[in-house]
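Hi everyone, thanks for coming.

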Amino acid sequence: MTLREAQATVDNWIKTIGVRYYNELTNTAVLMEEVGEMARLMARLYGEQSFKRPEDAEAAPQQLADEMADVLFVLICLANQTGVDLTEALHQNLAKKTKRDADRHANNEKLR
């Protein structure tokens, strides 16, 4: 699925199942909530925090995938609501980063 297809799919889902989009401010708050849920799992899977129960650790990789999908879903909702074409935005952002960082990362001793 391309980003454009994802935007169209989410838009269709919202209009047929979700009834309507939450307003932009509500979706921004929901996005922050979803990023927090993803961060909590990242801290336990890859950071220094631990899970309270072994079964939580076992379920975490699938939960992480689901939380990442939640983040993407809400981000796509916001893009749809604000008229952002994520495909074009990503192309432009990568071009900006390529120009800006062409030598910076290659010359960074910390990345070697």
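Let's begin where two helices touch. On the helix 1 side we have Leu3, Arg4 and Gln7, and they meet Leu86, Thr87, Glu88 and Leu90 of helix 4. Sorted by class, this contact between helix 1 and helix 4 has 3 nonpolar, 2 polar and 2 charged residues. Please keep in mind that this is a predicted model.

Now to the nonpolar cores. The largest one has 8 residues: Ala6, Val10, Ile14, Tyr21, Ile76, Cys77, Ala79 and Leu86. Two elements give two or more residues to this core, namely helix 1, residues 3–16, and helix 3, residues 54–82. There is also a second, separate core of 5 residues, and among its members are Leu31, Val71, Val74 and Leu78.

Which residues does Cys77 contact, once its neighbours within four places in sequence are left aside? They are Val10, Ile14, Tyr21 and Asn27. Val10, Ile14 and Tyr21 belong to the largest core along with Cys77.

Next, go to helix 4, which covers residues 86–101 and holds Leu94. Is Leu94 buried, partly exposed or exposed? Its relative accessibility is 46%, so Leu94 counts as partly exposed, because that category lies between the 20% and 50% cut-offs. For a sense of distance, look from Leu94 to Leu45: they are 49 residues apart along the chain, and their C-alpha atoms are separated by 29 Å.

Let's zoom out to the whole chain. The secondary structure comes to 4 helices and 0 strands, and along the sequence the pattern reads α-α-α-α. The radius of gyration is 18 Å, whereas a compact globule of 112 residues would have one near 13 Å. Along the principal axes, the C-alpha trace spans about 50 × 45 × 25 Å.

Of the 112 residues, 21% are buried. The accessible surface of the chain is about 8,400 Å², with 57% of that belonging to carbon and sulfur atoms. And if you take the contacts with a separation of 6 or more, 67% of them join residues 24 or more positions apart.

Note on methods: Residues numbered from 1 in each chain as written. Predicted model: local features only at pLDDT ≥ 70, side-chain atom pairs only at ≥ 80, totals over all residues. Heavy atoms only, no water. Core = buried A, V, L, I, M, F, W, Y, C linked by side-chain atoms within 4.5 Å. Buried < 20%, exposed > 50% of the residue type's maximum accessible area, 1.4 Å probe, protein only. Contact = heavy atoms within 4.5 Å. Nonpolar A, V, L, I, M, F, W, Y, C, P; charged D, E, K, R; others polar. Rg over C-alpha atoms; globule rule 2.2 N^0.38 Å. Areas by Shrake-Rupley, 256 points an atom, 1.4 Å probe, with all protein chains shown as cover.
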